[in-house]
Amino acid sequence: QKKKERTIDENAKPLIEMALREGFETVWDRYEMQQPSCKYCEAGLSCARCTMGPCRIIPPHRIRGVCGADADLIVSRNLLDMIATGSAAHSDHGRDIVETLYLVGMGTATDYGIADEDKLRLLAQEFGIANDKKSAKEIAALLGRAMLEEYGMTRNTLQCLSRAPKATQEIWDAAGITPRGIDREVVDSMHRVQMGVGADYTNILLQGLRCSLSDGWGGSMLGTDVSDVLFGTPSIRESKVNLAVLKKDHVNIAVHGHNPVLSEMVVKAVTDPELVALAKKNGAAGINLVGLCCTGSELLMRKGVPMSGNHLNQELVIMTGALEAMIVDYQCIFPSLPRTASCFHTLIVSTSPKAKIPGSYFFDFSPDKGLVTAKAIVRMAVENFKNRNPARVNIPGSPVPLMTGFSNEAIKKALGGSFKPLINLIAAGKIRGAVGIVGCNNPHVKHDYGHVELTKALIKKNILCVETGCAAIASGKAGLLMPSAAAMAGDDLRAVCESLKIPPVLHMGSCVDNSRILVLAAELGNALNVPIHKLPIAGAAPEWYSQKAVSIGAYFVASGVYTVLGVMPHISGSPAVVSLLTDGLKGAVNANFAVEPDPVKAADLIADHIEKKRTGLGI
Ligand code: BF8
């Protein structure tokens, strides 16, 4: 890759050029240094799970590992491992939030409160907790406890599965993939990847679907719902995005990672009058908090905190020379960030005992001492302002405005109280269908290109896009999250957006908020009395990299949503696994994966699929 091919993000380009000129290492350099990649690993044909190996499958002679596993088994076991890892990451994040709810109820997390009591009471009702005479605090304790039990294995079912249309639940039962407990499915999966357990690739991959469902309809869904309860259900608002949200004359602090239990405390801490006064005393105009990656999306959706970028922007934010501190929790954080920061004055502050990073300042963050810890970190950032080298400050361009906050509750409100108008628009063909575009950046793909080109191609075909995670941020930077982007949509979608004053691309949140997309699909299915797989909808992950994204793709497909990937998973070494995922799964869950790196061709695949589903529904 040449430098001009690394990104389409205009604000990132000058910083990448500066990094190349001055020798600051970035993710793209490390990617290049890793080329050519190992073709056995790329095909999924290497296995280092036990010490009888490591093994590689090299036909025609080396067709089994030492244990006797063939290509199909090795590829499927590797994939199940990825799904279980991703599901665990999302669900453990969900657990941290549910635990915070429980601690609020028990009175030990006093810095937190109940921001959406209506949602709390609705959830309590759903979980069978009588709540008419109880206080919000009492309900928080009972609901927190009930939700924590979803992680165990005594109930053998998950409450939120019942949100799906009955016919979809029956498909899961018939395929034997109804999840039993959130942790249980991860443990079951890890058991199967132990040598001498899982031996049948189909059986292994069906467990992958079950494990992923426990993420989407379990851990992630609890994470989203309880975050709404604790921090507020998002409503439509405007903010801005890209590296230029950093301010030259302010103390700049970025929160990076995933869990709003941390970042929401930082939001509180940066408005502390004493800390603001200290910033001014140190010569800054104030404190400027910006988000990055998914925790940034959490704050953007609920508070309108400006967003500095997505996954491949994380090193570049530091290279502006204007960032006093980057506060991280877990997931998607380059372990080399302290190395990057060592060339500048930025402090990397880690906060999770699960994600200690050598070279970072570690603060042991927990909900019982949330605000005091957040204030201590912010104080350190403010004190660091004096170490900034003004000659190094380089904040390119200016921010792009965006509209955010499209929770299902906010969408319904914008539609006048129900999804009925949306269903009518789809039935009338004004909106042909909807696509969830989700996932990461990956140096295999030109940064943001896959997301932006796919999104543009789909809206042109009058297909509404709902986006989360780094995909949504890519669209934001490209101006697609503003109502004015309707001008880029097909005539019908443009007219709809103009009349509702909404963008053709709706930001629905972080990656755990893909559960909002599941709920949207479920509500549409329930309203039409059809299973999810009959709806004119699809999923796409044009630039995915993460195990979490594999879990998301798997629960989309397991829920009946055709999903197109822009990056090939490491499965090509087993034609049988490829055929199962791209075709055979239709027999079990009426949906399948496709892989198409060209976003324009991917849009064609999706549009064809949507038209077929419309025909099936007779619309
Ligand atoms: O959970 S989209 S790069 S930041 S994994 Fe990570 Fe991918 Fe971004 Fe959030 Ni999701």
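Modeller: Before we start: helices are DSSP runs of H or I with at least four residues, strands are E runs of at least two, and both are numbered from the N terminus. This is a predicted model, so local features need pLDDT of at least 70, side-chain atom pairs count only at pLDDT 80 or more, and totals for chains, interfaces and linings use all residues. Residues are numbered from 1 along each chain as its sequence is written.

Colleague: Fine. Which domains does the assignment give?

Modeller: Domain 1 (3-56), domain 2 (71-231), domain 3 (243-392) and domain 4 (402-617). The bounds come from an automatic or database domain assignment.

Colleague: And the ligand, how many residues surround it?

Modeller: There are 15, and the closest are Cys294, Cys332, Cys440, Gly469 and Cys511. A residue counts as near if its C-beta atom, placed from the backbone, lies within 6 Å of the molecule. Helices α12 (293-303), α19 (469-477) and α22 (547-558) are the elements that give two or more residues to that shell.

Colleague: Which domains give residues to the shell?

Modeller: Domain 3 and domain 4 both do, so the ligand lies between them.

Colleague: How do the shell residues divide by class?

Modeller: Into 7 nonpolar, 7 polar and 1 charged. Nonpolar means Ala, Val, Leu, Ile, Met, Phe, Trp, Tyr, Cys and Pro; charged means Asp, Glu, Lys and Arg; the others, Gly among them, are polar.

Colleague: What does UniProt list for "binding site"?

Modeller: The unreviewed entry has His258, Cys294, Cys332, Cys440, Cys470 and Cys511 under that heading. They are spread over 254 residues of sequence but cluster in space, with a largest C-alpha distance of 13.2 Å. The entry also lists Cys38 as a binding site. UniProt positions follow the numbering used here, feature names are shortened, and annotations may be inferred rather than shown by experiment.

Colleague: Take Cys294. Buried or exposed?

Modeller: Buried, because 31 C-beta neighbours sit inside 10 Å of Cys294. The cut-offs, with C-beta atoms placed from the backbone, are 20 or more other C-beta atoms within 10 Å for buried, 12 or fewer for exposed, and partly exposed in between. Cys294 lies in helix α12.

Colleague: What is Cys294 in contact with?

Modeller: His258, Gly469, Ser510 and Cys511, leaving aside neighbours within four places in sequence. Contact means C-beta atoms, placed from the backbone, within 7 Å.

Colleague: And where is Cys470?

Modeller: In helix α19. Cys470 is buried too, with 34 other C-beta atoms within 10 Å.

Colleague: How many residues of domain 1 are in contact with domain 4?

Modeller: 14 residues of domain 1, against 12 residues of domain 4. On the domain 1 side, α2 gives the most, with 3 residues. By class, that side has 8 nonpolar, 2 polar and 4 charged residues.

Colleague: Changing topic: what order does the open sheet of 5 strands have?

Modeller: β5-β4-β6-β7-β8, with parallel pairing. Two strands pair if DSSP finds at least two bridges between them. The edge strands, β5 (287-292) and β8 (361-362), each pair on one side only.

Colleague: Over how many bridges do β4 and β5 pair?

Modeller: Strand β4 (residues 251-256) pairs with β5 over 6 bridges, and Val255 stands opposite Gly291 in β5.

How values were computed: Two residues are in contact if their C-beta atoms, placed from the backbone, lie within 7 Å.
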